[in-house]
Amino acid sequence: STEDITGFFFFFPEEYALLETVGEITCVATYTDEDGNPYRDGFSVTVAAKTLLRIEITVPPYKTDYVPGEEYDYEGLVVTAFYDNETDEEVTELCEIVPAEGSLTGEPGEVSVAVSFTNGDVTKDATFDLEVLAIDHIEVTTYPTKQDYYPGEHMDYSGIVVTAYYENGKEEVVTS
């Protein structure tokens with residue numbers, strides 16, 4: 001006779017275990033009958049390496065407009081890797097970014113930023129653009145608090161506000 005005793009088995013690895021090791025894994029089922037007699041049987045499964053299909057810039061950095069001489073800041077950037085096993089993961093910290101954060105920007109115009117990520121022997125790339133804005137003009141929008149002086153006094157610029165106006169219509173306080 002036969003009896004289904006599946007519910008009384010102990011499995012190794014446990015059901016829904018995270019299989020992270022690539023290669024063949026032996027699975028063992030163990031059953032002990034009511035007389036204390038142990039029984040074992042097993043089988044093997046193959047864990048295949050996942051293959052990187054592509055990466056995407058899923059969230060651009062917070063700051064995308066710069067002025068000449070300002071340093072790049074990629075805070076907020078999120079890069080996601082997509083694999084052939086229909087999984088994905090955030091890999092921003094593992095990416096190479098060119099130009100690197102902190103590099104000085106160049107002349108006004110569009111700057112293409114290249115992002116690459118390698119998984120095993122597969123490397124994928126993505127790009128996003130930043131804009132180096134051209135200043136149209138600057139303006140002292142608030143005068144210094146002290147404007148009347150006597151001979152021999154030191155100049156005091158406290159309270160002054162200088163605003164830059166860019167070609168794209170953006171304006172920004174640039175006093176510092």
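The model is predicted, so local features need pLDDT of at least 70 and side-chain atom pairs count only at pLDDT 80 or more, while totals for chains, interfaces and linings use all residues. Residues are numbered from 1 along each chain as its sequence is written, and side-chain values use heavy atoms, leaving out hydrogens and water.

Let's start with the whole chain. It has 13 strands and zero helices (DSSP runs numbered from the N terminus: E of at least two residues for strands, H or I of at least four for helices). The chain is more spread out than a compact globule, because its radius of gyration is 31 Å, well over the 16 Å that the globule rule gives for 176 residues (taken over C-alpha atoms; the rule is 2.2 Å times the number of residues to the power 0.38).

| Property of the chain | Value |
|---|---|
| Box filled by C-alpha atoms, along the principal axes | roughly 110 × 30 × 25 Å |
| Residues that count as buried | 25% of 176 residues |

Areas here come from the Shrake-Rupley method with a 1.4 Å probe, and buried means under 20% relative accessible area, with only protein chains included.

Now for Ser116, which sits in strand S9, residues 109–119. Is this residue buried or exposed? Ser116 counts as buried because its relative accessibility is 17%. Beyond its neighbours within four places in sequence, Ser116 is in contact (heavy atoms within 4.5 Å) with Ile55, Cys95, Glu96, Thr123, Lys124 and Asp125.

Key: Buried means under 20% relative accessible area, exposed over 50%, partly exposed in between (1.4 Å probe, protein chains only).
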